[in-house]
Amino acid sequence: MLKLATKSLLNRKVSVLLTIVAIAVSVALLLAVERVKEQVQENFANTVSGTDLIVGPRGSQTQLLLASVFHIGSMTNTMSWASFEDIASRREISWAVPISLGDSVQGLPVVATTDGYFTHYKYANQQALKLNQGRWFEANEQAVLGAEAAQQLQKNVGDSLTIAHGSGGLSFSEHDQHPIAVVGVLERTGTPVDQAVYVSLETIETVHGLEQQHSDEHHHEHHHPAESISAALLGLKVKPLALRLQREFNTYDSEPLTALMPGLTLQQLWKTLNVFEQTLNGMSALVVLIGLIGMLTILLASLRERRREMAVLRAVGAGPVTLFTLLITEAVLVTLAATLAGLGLLYALQWSLQGVIHAQTGILFSLNFPTAAEWWRMGLVVVAGFLLSLIPAWRAYRHSLSDGLTVKV
């Protein structure tokens with residue numbers, strides 16, 4: 001039966017090929033929604049590990065998380081250095097790392113921080129940042145580049161770069177009077193860390209001070225690294241204290257602040273985006289259904305051309321069940337081939353676009369083996385093709401002999 005069905009499909013290879021292409025594209029779209037969701041969540045979850053709280057100026061927790069960790073969006077407010085020092089000095093705090101945002105280098109974000117960032121920031125399963133070449137910045141006017149940033153900027157240790165004011169691809173003015181020396185390049189992490197340029201807080205203060213023509217007297221009176229910062233990453237001595245400290249920082253007396261737990265905020269973000277995910281899933285399923293209906297239409301239309309073929313098969317001894325099975329086998333073969341082609345198309349698109357996607361978003365899409373959810377979706381497509389094939393198969397079962405032998409005038 002399989003051999004007969006294969007030969008029958010090859011005799012109609014043009015229409016069968018068009019059907020496979022239509023279903024394959026729809027299957028690739030259906031699988032892409034699931035793969036994008038899974039890998040985006042995995043990339044986001046792997047970006048920060050070991051940071052118990054993030055504290056910043058009053059605002060949306062999601063915005064604070066996206067700006068401080070994923071370098072997505074911008075922050076219009078800041079928190080004072082005095083507040084950071086007060087929070088960092090609390091006995092519950094194991095470590096605190098300040099970060100300042102708002103500048104860029106050719107569209108790549110600049111993260112001003114301290115050397116504690118390289119010590120305490122972890123990603124994936126508590127993996128520490130490592131240098132691929134050079135060293136950490138140890139003085140003013142030095143920078144460490146993420147792996148992707150070094151590649152895009154085409155900078156190596158010993159080169160210099162110019163910081164521009166503005167983030168998110170918008171640069172308002174370049175501080176070209178003050179070039180920054182590249183002293184190190186980080187190993188690739190597969191997270192937004194790869195796309196950032198890291199400098200000291202003093203470097204940003206110096207660059208801005210020169211551009212804004214601050215007086216020397218002001219700088220002499222300025223003893224701490226920065227007047228204000230964008231956010232602070234905190235590690236706690238006792239993890240269960242996170243909820244209590246979050247409430248305390250959210251009601252901070254000196255200035256309005258927002259504190260968040262990264263894992264919990266990510267979960268809330270996925271819940272917020274769930275409606276969009278369901279919408280995309282529905283649209284993808286509809287596209288697959290349209291492709292399968294196209295296959296059904298072609299099978300029904302081909303029955304008219306194959307009436308005499310069916311009658312001949314009946315005449316040489318093929319029973320109604322044989323014809324019924326033949327039509328189902330053809331449909332299942334087409335659906336199975338289209339599903340596998342859709343999976344192959346997904347891998348081809350992912351392989352060809354992963355560099356562009358990583359460069360634009362910082363998200364690394366890995367070529368993983370299909371997940372259980374993806375196998376489940378492909379199985380549903382094959383089952384749906386089987387169910388739809390019952391319609392032409394039943395018609396062939398009921399009418400093949402009479403349709404083929406009846407002469408219509």
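**Figure 1. E138 and R135 are joined by a salt bridge, with 3.7 Å between the closest N and O atoms.** A salt bridge here is a side-chain nitrogen of Lys or Arg within 4 Å of a carboxyl oxygen of Asp or Glu. The model is predicted: local features need pLDDT of at least 70, side-chain atom pairs count only at pLDDT 80 or more, and totals for chains, interfaces and linings use all residues. Residues are numbered from 1 along each chain as its sequence is written, and side-chain values use heavy atoms, with hydrogens and water left out. E138 has a relative accessible area of 65% and is therefore exposed, while R135, at 34%, is partly exposed. These classes use a 1.4 Å probe and protein chains only: buried is under 20% relative accessible area, exposed is over 50%, and partly exposed lies in between. The salt-bridge rule gives a count of 8. Side chains of opposite charge can pair when their charged atoms come close.

**Figure 2. A salt bridge connects E34 to R377, at 3.1 Å from N to O.** The two residues belong to distant parts of the chain, with E34 in helix 2 and R377 in helix 13 (residues 372-405), 343 residues apart. Helices (H or I, at least four residues) and strands (E, at least two) are DSSP runs, numbered from the N terminus. E34 is buried because its relative accessible area is 4%. R377 also counts as buried, at 11% relative accessibility.

**Figure 3. R90 and E248 form a salt bridge whose closest N and O atoms are 2.7 Å apart.** This pair too links distant parts of the chain: R90 is in the loop between helix 4 and strand 3, E248 is in helix 9, and 158 residues separate them. R90 is partly exposed, with a relative accessible area of 24%; E248 is likewise partly exposed, at 28% relative accessibility. A network of salt bridges links R90, E92, R244 and E248.

**Figure 4. Helix 9 (residues 242-250) has A242, L245, Q246 and F249 buried.** The buried residues of helix 9 fall within an arc of 105° when seen down the helix axis, so they line one face of the helix. The arc is taken over the directions from the helix axis to the C-beta atoms. An α-helix has 3.6 residues a turn, so residues three or four places apart point the same way. The elements against which the buried residues of helix 9 pack are strand 1 (53-57), helix 3 (61-68), helix 4 (81-88), strand 3 (93-105), strand 15 (231-236) and strand 16 (257-260).

**Figure 5. Strand 15 has 6 of its 6 residues buried, so it is largely enclosed by the rest of the structure.** A231, L233 and G235 point to one side of the strand, A232, L234 and L236 point to the other, and all are buried. In a regular strand the side chains alternate between the two faces of the sheet. Strand 15 pairs with strand 1 in the antiparallel sense over 3 bridges, where pairing requires that DSSP finds at least two bridges between the strands. I54 is opposite L233 of strand 15. Strand 15 also pairs with strand 3, in the antiparallel sense and over 6 bridges; here I93 has L236 of strand 15 as its bridge partner.

Figure 6. Y252 is buried, at a relative accessible area of 11%, whereas D253 counts as exposed, at 77% relative accessibility. Apart from neighbours within four places in sequence, Y252 contacts S83, D86, I87, R90 and L257, a contact being heavy atoms within 4.5 Å. For D253 and S83, 170 residues apart along the chain, the C-alpha separation is 9.8 Å.

**Figure 7. L17, V21, V25, L345, L349 and L353 make a nonpolar surface patch of about 490 Å².** Helix 2 (13-47) and helix 12 (320-361) are the elements that give two or more residues to the patch. Patch residues have over 30% relative accessible area and no salt bridge; like charges are joined within 9 Å, and nonpolar side chains (Val, Leu, Ile, Met, Phe, Trp, Tyr) within 5 Å. Accessible areas come from the Shrake-Rupley method with a 1.4 Å probe, and for residues only the protein chains shown count as cover. V21 is in helix 2, and V21 is partly exposed, with a relative accessible area of 45%.
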